[in-house]
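Good morning, everyone, and thank you for making the time. I would like to walk you slowly through one protein structure, so please keep the picture in view while I talk.

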Amino acid sequence: MAALQHRTIKVQAIPGERFCYWVESWSDPLHPNRVDIVAHLGRSQCSCKSWQTRCWPIIRDKLPEFRFEQDGSSICRHVEAARLVFLRDLLHRLALEEHNPAEL
Ligand SMILES: [Zn+2]
C-alpha cells in the first residue's frame, strides 16, 4: 500500500468545465475522480467516497473554519492535488504576466 501512496497521480483539466479536473484515483487508476475546486464557495467538491463521507458533512453542517484550515478534514487528497495543479498554472501565468506581459 505504501508504494501506492507515493506514485505520480495524473491531474487533468476537464475541457469546457472551468475549475474542474479529473484526478486519478490512488487505488483505481482507471476511474478518476471529478473535482470542482470552486464548488461550495471555494471549499471544493470531489466525487470520491472519502469526500462524500468525511468532507461533505463538515461543509454541509458549516463547521468552524479552524477545522477546515487546520486539520484538513474538509478536503480529500484529490481536491488537494487539483488545487496544487491550479496554483501551479496560476503562478505560471502570473509570472509570465509579470515578466513578459507582451507575450500574453
Ligand atoms: Zn476525493
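This is a predicted model: local features need pLDDT of at least 70, side-chain atom pairs count only at pLDDT 80 or more; totals for chains, interfaces and linings use all residues.

Of the 104 residues of the protein, 18% count as buried. As for contacts with a separation of 6 or more, 33% of them in this protein are made by residues 24 or more positions apart.

Let us turn to the sheet. In what order do the strands of the open sheet lie? The order is E1-E2-E3-E4, and the pairing is antiparallel. E1 and E4, the latter being residues 45–46, stand at the edges with a single partner strand each, so one side of each is left without a neighbour in the sheet. Helix H5 packs on this sheet, where it touches E1, E2, E3 and E4, and its direction makes about 120° with that of E2.

The hairpin of E1 and E2 has six residues between the strands, and in it glycine 16 takes a positive phi near 80°.

On its way across the sheet, E2 meets E3, residues 33–36, and four bridges join these two antiparallel strands. Here you can find cysteine 20 opposite aspartate 36, tyrosine 21 opposite valine 35, and valine 23 opposite asparagine 33. E3 then pairs with E4, again in the antiparallel sense, over two bridges, and aspartate 36 stands opposite glutamine 45 of E4.

Which residues of E2 lie on its covered face, and which on its uncovered one? Tyr21 and Val23 form the covered face, whereas Cys20 and Trp22 form the uncovered one. In E3, Asn33 and Val35 are on the covered face, while Arg34 and Asp36 are on the uncovered face. The general idea behind this is that in a regular strand the side chains alternate between the two faces of the sheet.

If we leave aside its neighbours within four places in sequence, alanine 82 is in contact with Val11, Tyr21, Val23, Val35 and Ile37. In general, nonpolar side chains in soluble globular proteins tend to be buried together.

Just after H3, lysine 62 takes a positive phi of about 50°.

Finally, let us look at the region around H2, which covers residues 39–42 and includes alanine 39. Is alanine 39 buried, exposed or partly exposed? Alanine 39 is partly exposed, because 15 other C-beta atoms lie within 10 Å. The C-alpha atoms of alanine 39 and phenylalanine 19 are separated by 9.0 Å, although the two are 20 residues apart along the chain. Not counting residues up to four places away in sequence, alanine 39 touches Ser44 and Gln45.

Histidine 40 also has its place in H2, and with 13 other C-beta atoms within 10 Å it is partly exposed. Most residues other than glycine have a negative phi, yet histidine 40, which is not a glycine, has a positive phi of about 55°. Serine 44 lies in the loop between H2 and E4, and its phi, near 80°, is likewise positive in a residue other than glycine. Serine 44 is buried, because 23 other C-beta atoms lie within 10 Å.

Key
Residues are numbered from 1 along each chain as its sequence is written. A residue is buried if 20 or more other C-beta atoms lie within 10 Å of its own, exposed if 12 or fewer, and partly exposed in between; C-beta atoms are placed from the backbone. Two strands pair if DSSP finds at least two bridges between them. Two residues are in contact if their C-beta atoms, placed from the backbone, lie within 7 Å. Axes are lines fitted to C-alpha atoms, for helices over the stretch in contact, and angles run from 0 to 180 degrees between N-to-C directions.
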